[in-house]
Amino acid sequence: MNIAGRQRMLSQKITKLALTENSLALKNAYDEWENYHYALKQRSAELELAGENSKEISKLFEEIEPAFEQIKQGVQLVITAKQTQDVHKVAEGKSLIILS
């Protein structure tokens with residue numbers, strides 16, 4: 001699978017995971033999605049993306065930057081909310097054990 005295809009798959013996975021309680025899986029998918037975005041944008045040598053983006057591709061990256069930032073902020077808010085819920089669930093579980 002090429003990197004752009006993987007990005008598409010990861011965006012779908014992030015959307016799906018945002019609706020579940022699995023904050024770790026969401027964070028992992030988000031981190032991978034973000035890393036691939038920057039790898040494509042900066043032509044990562046680690047991913048064998050040598051050379052430079054054309055002017056058209058660079059312009060497209062500039063155009064999608066506001067949407068990319070909104071997605072980042074939204075996912076980070078969901079992750080934070082899920083992690084907070086996870087902490088509360090653990091704390092509630094410990095309270096129930098102590099009270100039992």
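**View 1. Tyr-38 is a partly exposed ring in a predicted model.** Tyr-38 has a relative accessibility of 24%, so Tyr-38 counts as partly exposed. Buried means under 20% relative accessible area, exposed means over 50%, and partly exposed lies in between (1.4 Å probe, protein chains only). Phe-68, by contrast, is buried, with a relative accessible area of 3%. Tyr-38 and Phe-68 form an edge-to-face aromatic pair. Rings of Phe, Tyr and Trp (its six-membered ring) pair if their centres lie within 6.5 Å; planes under 30 degrees apart count as stacked, over 60 as edge-to-face and the rest as tilted. This pair links distant parts of the chain: Tyr-38 is in helix 2, Phe-68 is in helix 3 (residues 55–99), and they are 30 residues apart.

**View 2. Tyr-30 and Trp-33 make a tilted pair.** The structure holds 3 aromatic pairs. In the one shown here, the centres of Tyr-30 and Trp-33 are 6.1 Å apart and the planes lie at 35°, so the pair is tilted. Why are Tyr-30 and Trp-33 separated by about one helical turn? Because they are 3 residues apart in helix 2 (residues 23–42). Tyr-30 is buried at 3% relative accessible area. Trp-33 counts as buried too, at 8% relative accessibility. Ring pairs join Tyr-30, Trp-33, Tyr-38 and Phe-68 into a cluster.

**View 3. Glu-34 is a buried residue of helix 2.** Its relative accessibility is 16%, so Glu-34 counts as buried. Which residues does Glu-34 contact, leaving aside its neighbours within four places in sequence? They are Phe-68 and Lys-72. Contact means heavy atoms within 4.5 Å.

**View 4. The largest nonpolar core has 15 residues.** A nonpolar core is a set of buried Ala, Val, Leu, Ile, Met, Phe, Trp, Tyr and Cys residues joined through side-chain atoms within 4.5 Å. Ile-14, Leu-26, Tyr-30, Trp-33 and Val-75 have the most contacts inside this core. Helix 1 (3–18), helix 2 and helix 3 each supply at least two of the core residues. Helix 2 gives the most, with 6 residues. Val-75 touches Ile-14, Leu-26 and Tyr-30, not counting residues up to four places away in sequence.

**View 5. Helix 1 and helix 2 are roughly antiparallel.** Their axes come within 9 Å and cross at roughly 150°. Axes are lines fitted to C-alpha atoms, for helices over the stretch in contact, and angles run from 0 to 180 degrees between N-to-C directions. Angles under 35 degrees count as roughly parallel, over 145 as roughly antiparallel, 65 to 115 as roughly perpendicular and the rest as oblique. Residues making the contact include Leu-10, Ile-14 and Leu-17 of helix 1, and Leu-26, Tyr-30 and Trp-33 of helix 2.

**View 6. The chain has 3 helices and 0 strands.** From the N terminus on, the elements run α-α-α. Helices (H or I, at least four residues) and strands (E, at least two) are DSSP runs, numbered from the N terminus. Buried residues make up 25% of the 100 residues in the chain.

**Notes on the model.** Residues are numbered from 1 along each chain as its sequence is written, and side-chain values use heavy atoms, with hydrogens and water left out. In this predicted model, local features need pLDDT of at least 70 and side-chain atom pairs count only at pLDDT 80 or more, while totals for chains, interfaces and linings use all residues.
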